[in-house]
Amino acid sequence: GTHCGGIAAAVRNNGNQIAGVAPDAKIMSVSIPIGSNHNINVANGINWAWKNGADIISCSWQTIPKECVEDAIDSALV
């Protein structure tokens, strides 16, 4: 996630001769605990992100498709 975040939102004039493709974007981090409730945690993370103003959700993880995750994605899209 850190590498993708840097490509997306690295600030201009940062002394590293690089700028992200959207240097004025703000990044929010959402931690998804791994465990027996993984799919519910993923759904909760997606819901938390869009409810807290995320316009784009980049998912650098993998999960088995479950209805709760699909519902959270649908809610984020709407």
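Ala, Val, Leu, Ile, Met, Phe, Trp, Tyr, Cys and Pro count as nonpolar, Asp, Glu, Lys and Arg as charged, and the others, Gly among them, as polar. By that scheme, the lining of the largest pocket divides into 17 nonpolar, 9 polar and 2 charged residues. This is a predicted model, where local features need pLDDT of at least 70, side-chain atom pairs count only at pLDDT 80 or more, and totals for chains, interfaces and linings use all residues. Residues are numbered from 1 along each chain as its sequence is written, and side-chain values use heavy atoms, with hydrogens and water left out.

**The largest pocket**
- A pocket here is an open set of points on a 1 Å grid over the protein atoms alone, where a 1.4 Å probe fits, with protein on both sides within 12 Å along at least five of seven lines; lining residues have an atom within 4 Å of a point.
- The largest pocket holds about 840 Å³ of space, the volume being that filled by probe spheres set on the points.
- Of its 28 lining residues, Ile27, Met28, Ile56, Ile57 and Ser58 lie nearest the centre.
- Helix α1 gives the largest share of the lining, 6 residues; helices are DSSP runs (H or I, at least four residues), numbered from the N terminus.

**Met28**
- Met28 is found in the loop between α1 and α2.
- Met28 is partly exposed, with a relative accessible area of 34% (buried is under 20%, exposed over 50%, partly exposed in between, with a 1.4 Å probe and protein chains only).

**His3**
- His3 sits in helix α1 and is exposed, at 62% relative accessible area.
- The C-alpha atoms of His3 and Asn37 are separated by 27 Å, the two being 34 residues apart along the chain.

Technical notes. Helix = DSSP H or I, 4+ residues; strand = E, 2+ residues; numbered from the N terminus.
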